[in-house]
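Colleague: I am new to this structure. Please show me how to read its features, one at a time.

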Amino acid sequence: ELDTTVFMISALKNDGVLDIKNYLLSIAPFRPWIIENASGVTDLSVEDRVEQMVLESLLEHTHEEIPYIADITCKTITKLDENKMRIDVEISVDSASQQRIIVGQQGRTLVKIRQDAV
């Protein structure tokens, strides 16, 4: 059955936003979590999440084909202290020209990739 409930909202003035949120919560069926791991966020390992973050950064900073041909491997994750860790990631490509694209002029692209993946 199609729900025809109408809400007048203004996100700019935050008017009616709470009404639609409460309505959606009231009609949402209760279901168990799909992912039942300790964090409740994802079923990816920490290494897989690191690799996905690097891939996202590659997509942002390189030509379209580079992220799809690059092989990204999280080599090590070392906890340095309570708030810091060292993560070593290897990005492998097929040719020297692709490597130059990832590194960029004076390493600028690689630095951007690293900074955005944090």
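Modeller: We will take confidence, the hairpin, the surface patch, side-chain contacts and backbone angles in turn.

Colleague: What should I know about the model before I start?

Modeller: This is a predicted model: local features need pLDDT of at least 70, side-chain atom pairs count only at pLDDT 80 or more, and totals for chains, interfaces and linings use all residues. Residues are numbered from 1 along each chain as its sequence is written, and side-chain values use heavy atoms, with hydrogens and water left out.

Colleague: What is the average pLDDT of the chain?

Modeller: First the term: pLDDT is the predictor's confidence in each residue, from 0 to 100. Where it is low, the predicted coordinates should not be read in detail. Here the chain averages 88, and 94% of the residues score at least 70.

Colleague: Which elements have the lowest and the highest mean pLDDT?

Modeller: Elements are DSSP runs, numbered from the N terminus: helices are H or I with at least four residues, strands are E with at least two. Helix α3 (residues 66–69) has the lowest mean, 85. Strand β1 has the highest, 95.

Colleague: How many bridges join β1 to β2?

Modeller: Two strands pair if DSSP finds at least two bridges between them. Eight bridges join β1 (residues 71–79) to β2 (residues 85–92), and the strands run antiparallel. D71 has S92 in β2 as its bridge partner. The two strands form a hairpin, with five residues between them.

Colleague: Which residues make the nonpolar surface patch?

Modeller: A patch is built from residues with over 30% relative accessible area and no salt bridge; like charges are joined within 9 Å, nonpolar side chains (Val, Leu, Ile, Met, Phe, Trp, Tyr) within 5 Å. Areas come from the Shrake-Rupley method with a 1.4 Å probe, and for residues only the protein chains shown count as cover. In this model V46, I77, M85, I87 and V89 make a patch of about 360 Å². Strand β2 gives the largest share, three residues. I77 lies in β1.

Colleague: How many salt bridges does a search of the whole structure find?

Modeller: A salt bridge needs a side-chain nitrogen of Lys or Arg within 4 Å of a carboxyl oxygen of Asp or Glu. The search finds one. R86 and D88 form a salt bridge, with their closest N and O atoms 3.1 Å apart. R86 is partly exposed at 47%, and D88 is partly exposed at 25%.

Colleague: What about aromatic pairs?

Modeller: Rings of Phe, Tyr and Trp (its six-membered ring) pair if their centres lie within 6.5 Å; planes under 30 degrees apart are stacked, over 60 edge-to-face, and the rest tilted. F7 and Y23 form a tilted pair, 5.1 Å centre to centre with 55° between the planes. F7 lies in the segment before α1 (17–27) and Y23 in helix α1, so the pair ties together parts that are 16 residues apart in sequence. F7 is partly exposed at 26%; Y23 is partly exposed at 22%.

Colleague: And the backbone angles?

Modeller: Look at N14 in the segment before α1. Its phi is near 55°, a positive value in a residue other than glycine. N14 is exposed at 57%. Then see Q106, in the loop between α4 (96–103) and α5 (108–116). Q106 has a positive phi of about 55°, although it is not a glycine. Q106 is exposed at 68%.

Technical notes: Buried < 20%, exposed > 50% of the residue type's maximum accessible area, 1.4 Å probe, protein only.
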